Amino acid sequence: MGNSDNANVNDLEAAKQLDIINQLRIRFDQEFEKTGKRRTYHIETFGCQMNSRDSEKISGILKQIGYEETDSEKADLVLYNTCTVRENANNRVFGRLGYLGKLKKSNPGMLIALCGCMMQEDIVVDKLKKSYRFVDIIFGTHNIFKFAELLQTRLESDRMVIDLWKDTDMIVENLPNDRKYPFKAGVNIMFGCNNYCSYCIVPYVRGRERSRNPQDILEEIRTLAADGVVEIMLLGQNVNSYGKNLETPMTFAGLLIEIEKIEGIERIRFMTSHPKDLSDELIEVMAKSKKICKHLHLPVQSGSSRLLKLMNRRYTKESYLELVRKIRAAVPDISLTTDIIVGFPGETEEDFLETMEVVKQVGYDSAFTFIYSKRTGTPAAAMENQVPEAAAMERFDRLLKEVQQSSARSAGKDVHTVQKVLVEEVNTQDPSLLTGRLSNNLLVHFPGDMGLIGKIIDVSLEESKGFYYMGKISPAATITG
Ligand code: 5AD
Ligand code: SF4
């Protein structure tokens, strides 16, 4: 199918889903007239920002149908949007499902739905079918747009509804959406991943890489800007390879240039970047941009070139360090963060020390550190020399110390300067304070009026507290947004 045929199929699908949403709306409005009560839902999201974004879409559908959100699991519909990137994420879901099953016994009308990456694994679904019969709806990462239809099917029958797709080309646009914040929003620019890092299950559960059309992305961002959004986060497993599979190919840097032109958008963030695809063109665009935030998440995973090869990362320690050098030369005040795995099969003490060395050399502002988790079906799971857990834990502790030292060294470097801050919320600990985010992603707390939430203002950073600042609104504050 060509791209335009795809567009037709996708539009028809969107129309069909909107029709089902309307039918359900009528049904629940009638129910509300009779009972005076709206049905409630609760969504629990595990994992990454992709999942958070997907949950907003599901939430949008439910609100449009007439459900009301609640923060308790004692709801008419409870949905878990799951993650499977590491084994313990799966265990957590099964643990909590036991509790949900008990809740359902005392509230038989309750519906339980499961979706997300974990559902794309056959072993998980087999286990659910066998031992968790109380689950009502199971769907995956490729058919979220069908949620209203699946709910309708469940309401009309008593059976477990399972709809799982192995992969898809479909990108269904213009369905409902429920944003968590009025002033900032995540925007998917691509789905899936083609990189097949040898430890990673994502390409198997999120499917082949496919990019959204630039027109659709730009239109969505223009609508968001018109709706008061000032900061956007562009989302993809590997944003640097954006646009390669489009009918008219476009680079990620090219897309950023177009987004920069949209009036009202003040800040642009993106994640995740794969070092192998981060181009000189992108570095140039970042250096020139007035809107792209001074923060880059650049997962290194390991500092050993030998291990990077086994991980199928397609860069070396040297090329990664060279990339960091180029980025720092072009954007001197950029904050760099990363992901690191310890205990990958065959990791020796020497390999590990190279990772420690890279952490020292780069001086990350922060890093997410993970103990390697064996994911069935990935090449690394079948590798020999799996590292014993005790050794991995011991390295993990050493790495964590190194990372903490590295972030302590970079923390506080902007103290006594005035910075632009997006005011995000009233401080959760002290309601006389507001909490805002700097371009480099660090937080600052300062006294102020909650009317400033959603605005970008100048804040003077008075004191560094390590991973955040205390500040005060700069007298010459310019207020935008
Ligand atoms: N074990 C441990 N960490 C993993 N990640 C991905 N797969 C695994 C795994 N099998 C980490 C990587 C990735 C982050 C999102 O999760 O560091 O960048
Ligand atoms: Fe997983 Fe690698 Fe794809 Fe990231 S780039 S999602 S680590 S396969």
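Two strands pair if DSSP finds at least two bridges between them. Strands here are DSSP runs of E, at least two residues, and helices are runs of H or I, at least four, numbered from the N terminus. Keep that in mind for the sheet.

First, the ground rules. This is a predicted model, where local features need pLDDT of at least 70, side-chain atom pairs count only at pLDDT 80 or more, and totals for chains, interfaces and linings use all residues. Residues are numbered from 1 along each chain as its sequence is written, and side-chain values use heavy atoms, without hydrogens and water.

Now the sheet. Three bridges join strand 12 to strand 13, residues 335-342, and the two run parallel. His295 has Ser335 as its bridge partner in strand 13. The sheet is open, with three strands in the order 12-13-14 and parallel pairing. Strand 12 (295-297) and strand 14 (366-371) are the edges; each has a single partner strand, so one side of each lacks a neighbour in the sheet.

On to charges. The whole structure has 45 salt bridges. That means a side-chain nitrogen of Lys or Arg within 4 Å of a carboxyl oxygen of Asp or Glu. Take Asp158 and Arg154: their closest N and O atoms are 4.0 Å apart. Is each one buried or exposed? Buried is under 20% relative accessible area, exposed over 50%, partly exposed in between, with a 1.4 Å probe and protein chains only. Asp158 is exposed, at 72%. Arg154 is buried, at 12%.

Next, Arg222 and Glu219, at 3.3 Å between the closest N and O atoms. They sit three residues apart in helix 7 (residues 214-226), so about one helical turn separates them.

Technical notes: Chains are lettered from A and ligands numbered from 1 in the order in which they are written.
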